[in-house]
Amino acid sequence: MTYTARLDQALNRLHEEGRYRTFIDIERKQGHFPHATWRRADGSESPITVWCGNDYLGMGQHPSVMTAMHEAIDATGAGSGGTRNISGTTLYHKRLEAELADLHGKEAALLFTSAYIANDATLSTLPKLFPGLIIYSDTLNHASMIEGVRRNGGAKRIFRHNDVAHLRELIEADDPAAPKLIAFESIYSMDGDFGPIEAICDLADEFDALTYIDEVHAVGMYGPRGAGVAERDRLMHRLDIINGTLAKAYGVMGGYIAASAKMCDAIRSYAPGFIFTTSLPPAVAAGAAASVAHLKRDTTLRDLHQERASILKTRLKAMGLPIIDHGSHIVPVIVGDPVHTKRLSDMLLEGYGIYVQPINFPTVPRGTERLRFTPAPVHGPGEMDRLVRAMDELWSHCALNRAELSA
Ligand SMILES: Cc1ncc(COP(=O)(O)O)c(C=O)c1O
C-alpha cells in the first residue's frame with residue numbers, strides 16, 4: 001500500500017458520498033459586494049452574486065474600516081512581528097480589546113487569530129484552571145468548541161440540542177461539588193435557531209456553573225449596540241465568557257473572548273493557542289476596532305439586515321420552498337440529498353450567476369443537506385428578484401418537493 005493510494009482512497013470516499021468539497025475561486029470587488037467575479041480553472045470568468053458569505057453586513061468594504069486599515073498599515077507596516085508575549089502587542093491590539101470589553105460590558109477581552117482558535121484554546125485550557133471541571137456541551141456546538149472540549153482531557157457531557165431538561169438531568173447526575181461549565185451558542189448557524197440563553201443561565205445559577213456562549217453568528221447583528229443576542233435579551237451580565245468573531249458581521253478577521261479581568265488573565269497566561277502564535281496584524285486589529293465602534297453607534301445596517309432576511313424568507317415560503325425559519329437572519333433551504341444539493345448549487349452558479357455553497361454532512365446531519373442563504377443589506381431588490389426567480393425555476397425543473405417545513 002503506497003501513501004498516495006491511501007490518499008486516493010480517502011478522497012474517493014468523499015466523491016462517492018457526494019461530499020467532496022470544491023472551492024469556487026472568486027474575486028470580490030471593493031465597493032461592489034455582493035457582486036464578484038468567478039474565475040474558473042480553465043481561465044474563463046463570469047460575474048456572480050454571492051449569496052452565502054458571512055460578511056453579513058458588508059462591513060468588509062465599509063469606508064470606516066478600510067480607512068482605519070489603510071492608516072494602520074501606513075503607520076506600522078504589514079505584520080505584528082511577534083507573539084503577544086514577544087513584541088506582538090501593539091496599541092491597536094489593546095484598543096481593540098478595550099472596544100470589545102466595552103461592547104460586552106465585561107472587564108476585559110482577549111484577542112485570538114480567529115474565533116475557532118478562541119473557542120478551542122479557551123475550552124481546552126479551562127480544566128487546567130479548574131481541576132475536575134465538567135463541561136456540558138450542546139450537541140450542535142461548532143467544531144471549534146467540540147475540539148476544545150475533546151482535547152482538554154477533562155470530563156464532558158453532551159446534552160441534546162437546546163434541551164435544557166436533558167442538561168438538568170446530566171448536571172443532577174454529577175457531583176454537586178464538581179466545578180462545571182455550560183458551553184452553547186446564541187445562534188446555531190446551520191438552522192439559524194437560537195439557544196435558550198435565559199434558561200441555561202438559570203440552571204447555571206442553580207448549580208453554580210460557569211456559562212460559555214459563542215455569539216459568532218450574532219455579534220454586530222443583534223442587540224442595541226451589536227453585542228449579540230445576549231445583549232438583545234439583556235442577559236449579557238449573566239454570561240461568564242462570551243466568544244465572538246471579527247470575521248463575519250465585522251467584516252475583517254480574528255476572534256476573542258470577553259470575560260472578567262481574572263478569567264482573561266488566566267487564559268492569556270495558560271492557553272497555548274493564545275501564547276504560541278503570532279498576533280493579528282495591527283491593521284486587522286485597527287479595521288476590526290473601527291467596525292465594532294461603527295456598529296455600536298449605527299443601527300441602520302442591523303435593521304436593514306433583518307428586513308432583507310425577512311423578505312427573502314417570506315418570498316421563498318410563498319413559493320412553498322422548504323425553508324427553516326427560526327426568526328434569525330439565516331435562510332436554509334432543505335434539499336435533503338448531497339448530490340441534488342450540489343447539482344442545484346452548480347445550476348445556480350452556471351445558469352444564473354448565483355453563488356451559494358452546498359452544505360453537506362458532516363456540517364449538517366445526513367438527509368438535511370441544504371442551500372444556506374445569507375441575505376445582507378447589500379442584496380437589493382434586483383438581486384433578490386433574480387434569486388427568487390432562479391430558485392422557483394430550478395425547483396420546478398428538478399421536480400423537488402414544495403412541502404413547507406415550519407420552525
Ligand atoms: C459557531 C461558530 N463559532 C466559531 C466559528 C469560527 O469563527 P472564525 O471564522 O472567526 O474562526 C464559526 C465559523 O464559522 C462558527 O460558525
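How far from an oxygen atom of the ligand does a polar side-chain atom of lysine 248 lie?

Modeller: The distance from that lysine 248 atom to the ligand oxygen is 2.8 Å. First, the ground rules. The model is predicted, so local features need pLDDT of at least 70 and side-chain atom pairs need pLDDT 80 or more, while totals for chains, interfaces and linings use all residues. Numbering runs from 1 along each chain as its sequence is written, and side-chain values use heavy atoms, without hydrogens or water.

Aspartate 214 places a side-chain N or O atom 2.6 Å from a ligand nitrogen. Tyrosine 116 contributes a polar backbone atom, 2.9 Å from a ligand oxygen. Alone, the ligand would expose 390 Å², and the protein buries 83% of that. Such areas come from the Shrake-Rupley method with a 1.4 Å probe; for residues, only the protein chains shown count as cover.

Now the whole shell. It holds 13 residues, and the closest are Ala115, Asp214, His217, Thr245 and Lys248. By type, the shell has three nonpolar, seven polar and three charged residues. Nonpolar means Ala, Val, Leu, Ile, Met, Phe, Trp, Tyr, Cys or Pro; charged means Asp, Glu, Lys or Arg; the others, Gly among them, are polar. Helix H4, residues 115-129, gives the most to this shell, with three residues. Helices are DSSP runs of H or I with at least four residues, strands are runs of E with at least two, and both are numbered from the N terminus.

Next, the salt bridges. The whole structure has 22 of them. The criterion is a side-chain nitrogen of Lys or Arg within 4 Å of a carboxyl oxygen of Asp or Glu. Arginine 225 pairs with aspartate 102 at 3.1 Å, N to O. This pair links distant parts of the chain, 123 residues apart: arginine 225 sits in the loop between strand S10 (210-214) and helix H8 (229-232), and aspartate 102 in helix H3 (residues 91-104). Both partners are partly exposed: arginine 225 at 28% relative accessibility, aspartate 102 at 41%. That class lies between buried (under 20% relative accessible area) and exposed (over 50%), with a 1.4 Å probe and protein chains only. The pair also belongs to a salt-bridge network of Glu99, Asp102, Arg225 and Lys296.

Arginine 268 and aspartate 265 form another bridge, 2.9 Å from N to O. They are three residues apart in helix H9 (residues 261-270), so about one helical turn separates them. Arginine 268 is partly exposed at 42%, and aspartate 265 likewise at 38%. Arginine 39 and glutamate 45 meet at 2.0 Å, N to O. Their relative accessibilities are 32% for arginine 39 and 47% for glutamate 45.

On to the backbone. A cis peptide bond joins phenylalanine 33 to proline 34, with omega about 20°. Proline 34 is in the loop between strand S1 (26-28) and strand S2 (35-39).

Aspartate 208 is not a glycine, yet its phi is positive, about 55°. This aspartate lies in the loop between helix H7 (197-206) and S10, and is exposed at 68%. Arginine 234, also not a glycine, has a positive phi of about 55°. Its place is the loop between H8 and strand S11 (241-245), and its relative accessible area of 71% makes it exposed.

Last, a buried position. Leucine 316 is in helix H12 (residues 300-318) and has 0% relative accessibility, so it counts as buried. Beyond its neighbours within four places in sequence, leucine 316 contacts Leu321, Ile323, Val331, Val333, Val388 and Met391, where contact means heavy atoms within 4.5 Å.

Definitions and conventions: A residue is near a molecule or strand if one of its heavy atoms lies within 4 Å of it. A polar contact is a pair of N or O atoms within 3.5 Å; within protein, one must be able to donate a hydrogen and the other to accept it, and residues adjacent in sequence count only if both atoms are side-chain atoms.
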